[in-house]
Amino acid sequence: MLVATIDDIRARLAQVRYPGYQRDIVALGAVRDVEVVGGRARVTVTPGTAKPEVVAALRTAVESAVRSVPGVEVVEVVVGTAEHGQAAAASPFDERAPLPGVARILAVASGKGGVGKSTVAVNLALALHASGRRVGLLDADIYGPSVPFMMGVPDARPRMTEGHKIFPVERHGLALISMGFFLDDKSPVIWRGPMVMSIVRQFLKDVIWGTLDVLVIDLPPGTGDAQLTLVQQVPVTGGVIVTTPQDVALQDVQRGIAMFQTVNAPILGIVENMSYYECPSCATREDVFGREGGRREAAALGVEFLGEIPLVAEIRASMDRGAPVMLADPTSPAAAAFAAIAVKVMSALERSDQGATAVS
Ligand SMILES: Nc1ncnc2c1ncn2[C@@H]1O[C@H](COP(=O)(O)OP(=O)(O)OP(=O)(O)O)[C@@H](O)[C@H]1O
Ligand SMILES: [Mg+2]
């Protein structure tokens, strides 16, 4: 009779991908124990999350993988909680230390540069603040930080404590941190990846945010390793992908979705920026790039379409004056568009919260 060994089972488990991740469950430290007696196998897994859908997917994947090992007749999967031991130390989830006092983290990403990601991040943060929330904004765009300029504080310098803790700059009701606050105008941004990461890690560790309902992160443009590493550092509650009508190429948005899936962060939806031109004198709408592209792509990809922002000179001009349109002209159609998106984003964030705490 064929007898399965612990090594056989471990080898098979090493082929099982962690739900949403590229890497396998053994490499990610999610397999705590494997026991086998005769044809009975018992596997203890420790998911890095309490999200019921992830736990269920992990359980099913482990069960069917182990069942396929020759010699195994009965499989029992035990779901344990991660321990602060060696197994947990090998897990990447540990990098995602929660930020004290920060209730939710909203990451704003885009497949390409120049689509208005920072514009959306800044105005969404202001819209969330206008709805009575305490909001922080982290400009994680290390190579081209634009938040200090957009928020009208290009020369601000954060206050530091003696222990090198950093207080955010307060502006227009938001708590702000940007790499731009730590740069001289003339210093070229030529850091390499590892330096960038250590600076961002420091931001995340050393900034005293106080109590925040939402921390909005303006990610660097693109969906490569740098962006992925960033979203791996913190427990992102939800991600938003900004696109333009020309850019709604399925592939770009898909890459953004894949990035968030890799770190098990829910995708809250797509924001389409520069969707149509709104003539300021005649108040008519012109669909320069065609209509409904973003909405169609969102439906095709199974994610929510959060809304569209018109292409209006005032959005750029107000930004250049350091008082974004949400503040400069809160009753304008552009501000109304941001406010409507903020409402959807907030309820999606709250739904994600519930998903994360439904199982302990
Ligand atoms: N809806 C809009 N209407 C008019 N101008 C806009 C709109 N959205 C963004 N802009 C302008 O387009 C330019 C690029 O926007 P922004 O800097 O927000 O893009 P980004 O995606 O963050 O770019 P980067 O890739 O450099 O980070 C800015 O000058 C901004 O003011
Ligand atoms: Mg930007």
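Reply: The shell around ligand 1 divides into 8 nonpolar, 9 polar and 3 charged residues. You're looking at a predicted model, where local features need pLDDT of at least 70 and side-chain atom pairs count only at pLDDT 80 or more, while totals for chains, interfaces and linings use all residues. Residues are numbered from 1 along each chain as its sequence is written, and chains are lettered from A and ligands numbered from 1 in the order in which they are written.

In total, 20 residues surround ligand 1 (each with its C-beta atom, placed from the backbone, within 6 Å of the ligand). The closest are Gly113, Gly116, Lys117, Ser118 and Thr119. Two helices, α4 (117–130) and α10, each supply at least two residues of the shell. Helices here are DSSP runs of H or I with at least four residues, strands are runs of E with at least two, and both are numbered from the N terminus.

Let's stay with α10, which covers residues 313–320. Ile315, Ser318 and Met319 are buried there. Seen down the helix axis, these buried residues fall within an arc of 100 degrees (taken from the directions from the axis to the C-beta atoms), so they line one face of α10. On the other side, Ala313, Ala317 and Asp320 are exposed. Buried means that 20 or more other C-beta atoms lie within 10 Å of a residue's own, exposed means 12 or fewer, and partly exposed is in between, with C-beta atoms placed from the backbone. After α10 comes Gly322, whose phi is positive, near 80 degrees.

Now step back to the loop between β13 (305–308) and α10, where you'll find Pro310. Pro310 is partly exposed, because 19 other C-beta atoms lie within 10 Å. Leaving out residues up to four places away in sequence, Pro310 touches Ser275, Tyr276, Tyr277, Glu278, Pro333, Ala334 and Ala337. Touching, or being in contact, means C-beta atoms, placed from the backbone, within 7 Å.

How does this part sit in the whole chain? There are 12 helices and 13 strands, and buried residues make up 41% of the 360 residues. The largest nonpolar core has 77 residues, and Val108, Leu124, Val216 and Val345 have the most contacts inside it. Such a core is a set of buried Ala, Val, Leu, Ile, Met, Phe, Trp, Tyr and Cys residues joined through C-beta atoms within 7 Å. Its largest share, 10 residues, comes from helix α12 (residues 333–357). Not counting residues up to four places away in sequence, Val345 touches Leu106, Leu124, Val240, Leu268 and Leu306.

Finally, have a look at strand β8 (residues 214–218), where 5 of 5 residues are buried. Val214, Val216 and Asp218 lie on one side, Leu215 and Ile217 on the other, and both faces are covered. β8 pairs in the parallel sense with β4 (residues 105–110) over 4 bridges, and also with β5 (residues 135–139) over 5 bridges; strands pair if DSSP finds at least two bridges between them. Within β8, Asp218 is the bridge partner of Val108, and Val214 is that of Val135.

Terms used. Ala, Val, Leu, Ile, Met, Phe, Trp, Tyr, Cys and Pro count as nonpolar, Asp, Glu, Lys and Arg as charged, and the others, Gly among them, as polar. Two residues are in contact if their C-beta atoms, placed from the backbone, lie within 7 Å.
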